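Hello,

Here is the structure I promised to pass on. Have a look at it first, and then read my notes on the charged side chains below.

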Amino acid sequence: QVQLVESGGGSVQAGGSLRLSCAASGVVVSGSCMAWVRQAPEKGREVVARLVAGDDGVTFYADFVKGRFTISRDNAKNTLDLQMNRLKPEDTAMYYCAVALGRYYNDCYWLATAKYDSWGQGTQVTVSS
């Protein structure tokens, strides 16, 4: 059974930083298609960043976070992380960790939000101006 547990959210002023972490069980993060997805109030879920399985660690970033956010994994801890720098008020949202089983390479890189198989409970990020 796959379980994903996010942590690290909080309140920060614009320009600040936060680091989110997702502890995974029942799935090996390094061998899986992983993503951070966010949902702001009254908006749909949108992918923030994806990490493709494999040693080369191919990443995808949404345009609105490029250059500010970094997705990574810790193989020893089996965690997926998201370093968020230069945060903006529009980054305020619930952030979720998600995994898609059996998705590799381009199938993972371009995967639609609705196709992820398991989700964490989310961690709230609030950025004030």
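Which side chain meets that of Lys66 in a salt bridge? The partner is Asp63, with 3.2 Å from N to O. Both ends of this pair sit in the open: Lys66 is exposed, and Asp63 is exposed as well. Please keep in mind that this is a predicted model.

On the total, the count comes to 6 salt bridges.

Another pair to look at is Arg103 with Asp107. Their closest N and O atoms are 3.2 Å apart, and the two form a salt bridge. Arg103 has a relative accessibility of 24%, so it counts as partly exposed. Asp107 is partly exposed too, at a relative accessible area of 37%.

Then there is Arg38, which pairs with Glu46. Their side chains meet in a salt bridge at 2.9 Å, N to O. Is Arg38 buried or exposed? Arg38 is buried, because its relative accessibility is 5% and buried means under 20%.

Arg38 and Glu46 are linked with Arg68 and Asp91 in a network of salt bridges. If you open the structure in your viewer, you could start with those four residues and then go on to Lys66 and Asp63.

Best wishes

Conventions:
Residues numbered from 1 in each chain as written. Predicted model: local features only at pLDDT ≥ 70, side-chain atom pairs only at ≥ 80, totals over all residues. Heavy atoms only, no water. Buried < 20%, exposed > 50% of the residue type's maximum accessible area, 1.4 Å probe, protein only.
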